[in-house]
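Trainee: I would like to go through this structure with you, one question at a time.

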Amino acid sequence: MNKYMQLAVEEGFKNIHGGEGGPFGSVIVRDGEVVACAHNKVLLTNDPTMHAEMVAIRQACEALGRFELSDCEMYSTCMPCPMCMGAIFWARIPKLYYGALDSDADAIGFSDKFIYDAIRADFQGQDVLAIEPIDREGCLELFKAWEAKQDKTMY
């Protein structure tokens, strides 16, 4: 597994065991160095915007002292939701690697399908953001653990 994606998966597992949110992790890398490593904190903060990608973007911006991350890459354990994709665009992150598919998230109760359908129709064929799936099987381990968790809180 890609070492940065592995870090994202580890963050997701921390979250499953810590109860701060769903099974998602994200890492931002700049010049081969980890700038931010985060997991979903929606339940911890009662803030629906505290997805792993949003937390990682906030951490990276704070660490680098700027609001754009055009020299960074993001690794996310799942295809980001529309909100997070918007933040990725606004942060000017030029490369996104993701593990699990949005349909995998849908299968465990995290569905944004109707929004993805609209986004795919609008951006199809445009060179807006390079997106490449990697390490899906490893990232699906998070979802298996989430699905098996007896005391999870859905949101």
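Trainee: At what angle do helix H3 and helix H4 pack?

Mentor: This is a predicted model, in which local features need pLDDT of at least 70, side-chain atom pairs count only at pLDDT 80 or more, and totals for chains, interfaces and linings use all residues. Residues are numbered from 1 along each chain as its sequence is written, and side-chain values use heavy atoms, without hydrogens and water. Helices (H or I, at least four residues) and strands (E, at least two) are DSSP runs, numbered from the N terminus. Axes are lines fitted to C-alpha atoms, for helices over the stretch in contact, and angles run from 0 to 180 degrees between N-to-C directions; for H3 (residues 52-64) and H4 (residues 82-91) the axes are 9 Å apart, at an angle of about 25°.

Trainee: Which term describes H3 relative to H4?

Mentor: Angles under 35 degrees count as roughly parallel, over 145 as roughly antiparallel, 65 to 115 as roughly perpendicular and the rest as oblique. The angle here is about 25°, so H3 is roughly parallel to H4.

Trainee: Which residues of H3 make the contact with H4?

Mentor: Contact means heavy atoms within 4.5 Å. From H4 come Met83, Cys84, Ala87, Ile88 and Ala91, and from H3 Glu53, Met54 and Ile57.

Trainee: At roughly what angle do the axes of H1 and H7 cross?

Mentor: Helix H1 covers residues 3-18 and helix H7 residues 136-148. Their axes come within 9 Å and cross at roughly 5°.

Trainee: Which residue of E2 is the bridge partner of Gly25?

Mentor: Strands E1 (residues 25-30) and E2 (residues 33-39) pair in the antiparallel sense over six bridges; pairing requires at least two DSSP bridges. The partner of Gly25 in E2 is His39.
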